[in-house]
Amino acid sequence: MTTELLTERQGTVLVMTLSGPATRNALSPQVYAAGIETLNVADSDPSVSAVILTGAGEHFCGGGDLQRLAHNRTHQPQQQGEHIDAFHQWIEALRSFPKPVIAAVEGVAAGGGLSVALGCDLIVAGDNARFISAYSKVGLSTDGGASWHLARQLPRGQALYWLWSGGEVSAQQLQHWGLVHQIAPAGEVLNTALALAQTLAQAPAGALASIKELINDAPQSTLNEQLAAEKRHFLVNLLRPEAGEAIGRFLQRKTGPTS
């Protein structure tokens, strides 16, 4: 059975759920297309403050559908290449989406599921979560940006060994490496992610979008380029009504009421 991407509103937060428990929520081109469409709609909806991506049942995502991959070996590489392009477009959409995207991970995030989690802005993981690179175990190399994220976060040898070995890493270890933002008890991950999303939503959306864009662009920018980008974003946000209101509230708290 093909995994579906279900959506549900929790206040101002949009929850996207990978739903195919029988296959550990295996990825598919249908999921990629639905994910991109959902993000496009949420981008233009000012009532959506953040997005959470989670998995149905006991696991986040077991990665790609190996039966589909085995079948695709009988076709021209172009067909599988198109599927990879669709997956990568979804990863790019998660990264460029201007609002916070939080992965809520219970159980297993393996292979492409690991890549999807890493493609989100923050990861809230259950204390039972297991992150498995998996690719090398089936004779494959990474897709979905896993190598990009790990090469920037981990020492080279650490990233290589994890991907070469196809090994399993706990949520606690990933938090130590700086890849998991918060650990929650199993069964409480989604609620913890919702609370985090609601906390982030207290900041103006324009400021959050600017900060995400600046962080995304920083690794490719020189210091002078980044300073120029910070100036541009700062001025845009300074002139927004939200900044005037927030500055006013801060000054009021600092000085106290006047008689």
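This is a predicted model: local features need pLDDT of at least 70, side-chain atom pairs count only at pLDDT 80 or more; totals for chains, interfaces and linings use all residues.
Let's begin with a loop, the one between strand E2, residues 13–19, and helix H1, residues 29–43. Arg24 sits in that loop, and its phi is positive, about 55°, although it isn't a glycine. Asn25 is in the loop between E2 and H1 too. Phi there is near 60°, again a positive value in a residue other than glycine. So which of our classes does each fall into, buried, partly exposed or exposed? Arg24 has 40% relative accessibility, so it counts as partly exposed. Asn25 comes out at 0%, and therefore counts as buried.

Now the strands. Take E4, residues 101–105. Five of its five residues are buried. What does E4 pair with? There's strand E3, residues 50–55, which pairs with E4 in the parallel sense over four bridges. In that pairing, Ile52 has Ile102 as its bridge partner. Then there's strand E6, residues 122–126, running parallel to E4 and joined to it by four bridges. Here the partner of Ala104 is Val124 in E6.

There's also an open sheet of three strands, in the order E5-E7-E8, with mixed pairing. E5, which is 108–110, and E8, which is 168–170, are the edge strands; each has a single partner strand, so one side of each is left without a neighbour in the sheet. From one strand to the next, the twist averages 20°. Zooming in on E5 and strand E7, residues 130–132, they run parallel and are joined by three bridges. Ala109 stands opposite Phe131 in E7. And helix H4 packs on this sheet: it touches E5 and E7, and its direction makes about 100° with that of E5.

Let's stay with H4, residues 112–119. How many of its residues are buried? Eight of the eight, so the helix is largely enclosed by the rest of the structure. Going along it, those are Gly112, Gly113, Leu114, Ser115, Val116, Ala117, Leu118 and Gly119.

Which residues of helix H3 meet H4? On the H3 side we have Phe87, Trp90, Ile91, Leu94 and Arg95, and they meet Gly112, Ser115, Val116 and Gly119. By class, that contact has five nonpolar, three polar and one charged residues. As for the geometry, the axes of H3 and H4 come within 9 Å and cross at roughly 25°. Anything under 35 degrees counts as roughly parallel, so H3 is roughly parallel to H4.

Trp90 takes us to the core. The largest nonpolar core has 46 residues, and Trp90 and Phe131 touch the most other members. The biggest share of that core, six residues, comes from H3, which spans residues 77–96. If we skip residues up to four places away in sequence, Trp90 touches Leu18, Leu27, Val31, Tyr32, Gly35, Ile36, Leu39, Leu53 and Val116. There's a second, separate core as well, 13 residues, including Ile52, Ile102, Val124 and Ala184. You'll remember Ile52 and Ile102 as bridge partners. As a general point, nonpolar side chains tend to be buried together in soluble globular proteins.

H9 brings Gly206, Ala207, Ser210, Glu213, Leu214 and Asp217 to the contact, and H10 brings Gln226, Ala229, Glu230, His233 and Asn237. Sorted by class, this contact has three nonpolar, five polar and three charged residues.

Key. Residues are numbered from 1 along each chain as its sequence is written. Side-chain values use heavy atoms; hydrogens and water are left out. Contact means heavy atoms within 4.5 Å. Helices (H or I, at least four residues) and strands (E, at least two) are DSSP runs, numbered from the N terminus. Ala, Val, Leu, Ile, Met, Phe, Trp, Tyr, Cys and Pro count as nonpolar, Asp, Glu, Lys and Arg as charged, and the others, Gly among them, as polar. A nonpolar core is a set of buried Ala, Val, Leu, Ile, Met, Phe, Trp, Tyr and Cys residues joined through side-chain atoms within 4.5 Å. Buried means under 20% relative accessible area, exposed over 50%, partly exposed in between (1.4 Å probe, protein chains only). Two strands pair if DSSP finds at least two bridges between them. Axes are lines fitted to C-alpha atoms, for helices over the stretch in contact, and angles run from 0 to 180 degrees between N-to-C directions. Angles under 35 degrees count as roughly parallel, over 145 as roughly antiparallel, 65 to 115 as roughly perpendicular and the rest as oblique.
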